[in-house]
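Let us walk through this structure from the overall fold down to single residues. Keep the sequence and the 3D view open as you read.

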Amino acid sequence: MKRLIILATTLATLLPPAHAGEAEQLVAMVNAWRAAPAACQGKQRPPVPVLTPRPILSRIALRPGTILLAALDSSGYDPEVADAVNVEGPDNARSAFEALRDSYCATLGSARYRDIGAHRSGNEWTIVLAVPAPNPLVLLPDAAEAAREVFKATNAARAEARQCGDTWMEAAPPLAWNKDLAAAALAHSQDMAQQGYFAHKNKQGNEVSQRAEAQGYRWRHVGENISRGQPSAAEAVAGWINSPGHCQNLMNPRFTEFGAGVAIRQAKRPAAYWTQVFGAPR
């Protein structure tokens, strides 16, 4: 789940870069400070990785009117996590760094971030630290292979007994891959991605039993798990395991066959849609 943390007390807007050289100095000072052991809030912290300067983040300045997320959205940067801190008054990068370090050392020294940008407007200084949201278009170039990874991870999970909410589930036999169930799973993932919804019942009112039959599967038992947003098969399966109802479906020994499908919604913020279909034939 995406999180946005705003530590600054003011709001953010998107401005053209100004005093770029001094802003770059501020970024360099932050990275030099991160790269060495340093004191923060009365404790000594070890070195942490330096951050990648992103010019797109250097256009963010704290101003009344819009929030940080809106400014990042306007800039084209999609964050998984983002923080912004600022200080007003210093007339040079060194003084700004020292003021920001003294007030926000835990934020500036956190290992959770990957990217950084700094902006100066007059004597007001802003630093934005962020982690970009995973892009499934990059992480999942082969949807068929991702579906097979779901299959492998699902059988690996079934091989171990586990607690599914209030229900203890014994280890279950491995599932066999079924092309008709796989076709039903892929069709549902594609339909959700293309039409921008997330539900077991599609826009025509059909559920998994009808979708499986439409692909030629004659079932005695049938079930379905869906998920959205995970950037890998392992994370999708882990999410189902951690959800009691989905976990019980996944571990159900009545199911003997299986298919999976993944599709990506190619919108401004791409998202992966995952579907598992479980079955037992007549």
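Helices (H or I, at least four residues) and strands (E, at least two) are DSSP runs, numbered from the N terminus. The chain has 9 helices and 14 strands. Its radius of gyration is 24 Å, well over the 19 Å that the globule rule gives for 282 residues, so the chain is more spread out than a compact globule. That radius is taken over C-alpha atoms, and the globule rule is 2.2 Å times the number of residues to the power 0.38. Along the principal axes, the C-alpha atoms fill a box of roughly 80 × 40 × 30 Å.

Some ground rules come next. This is a predicted model, where local features need pLDDT of at least 70 and side-chain atom pairs count only at pLDDT 80 or more, while totals for chains, interfaces and linings use all residues. Residues are numbered from 1 along each chain as its sequence is written, and side-chain values use heavy atoms, with hydrogens and water left out.

Now burial and contacts. Buried means under 20% relative accessible area, exposed over 50%, and partly exposed in between (1.4 Å probe, protein chains only). Buried residues make up 45% of the 282 residues in the chain. A contact means heavy atoms within 4.5 Å. Among contacts with a separation of 6 or more, 72% come from residues 24 or more positions apart.

Turn to the sheets. Strands of a sheet pair through backbone hydrogen bonds, either parallel or antiparallel. Here two strands pair if DSSP finds at least two bridges between them. Strand 4 and strand 7 (residues 115–121) run parallel and are joined by 2 bridges. P53 stands opposite I116 in strand 7.

How enclosed is strand 14 (residues 271–281)? Of its 11 residues, 10 are buried, so strand 14 is largely enclosed by the rest of the structure.

Follow the pairing of strand 14. Strand 12 (residues 219–228) runs antiparallel to strand 14, joined by 9 bridges. Here E224 stands opposite V277, and G223 has F278 as its bridge partner. Strand 13 (residues 257–265) pairs with strand 14 in the antiparallel sense, over 9 bridges. V262 stands opposite W274. Strand 13 and strand 14 form a hairpin with 5 residues between them.

Aromatic rings come next. Rings of Phe, Tyr and Trp (its six-membered ring) pair if their centres lie within 6.5 Å; planes under 30 degrees apart count as stacked, over 60 as edge-to-face and the rest as tilted. The structure holds 6 aromatic pairs. In one of them, the rings of F151 and W177 have centres 5.3 Å apart and planes at 70°, so the pair is edge-to-face. F151 sits in helix 5 (residues 143–158) and W177 in strand 11 (residues 176–177), 26 residues apart, and the pair links distant parts of the chain. F151 is buried at 13% relative accessibility; W177 is partly exposed at 28%. F151, W177, F255, F258 and F278 form one aromatic cluster.

Charges also meet rings. A charge sits over a ring if NZ of Lys or CZ of Arg is within 6 Å of the ring centre and within 35 degrees of the ring normal. R148 lies over the face of W177, at 4.5 Å from the ring centre. R45 lies over the face of W33, at 4.3 Å.

Finish in a loop. Q41 lies between strand 2 (38–40) and strand 3 (43–45). Q41 is not a glycine, yet its phi is positive, at about 55°. Q41 counts as exposed, with 65% relative accessibility.
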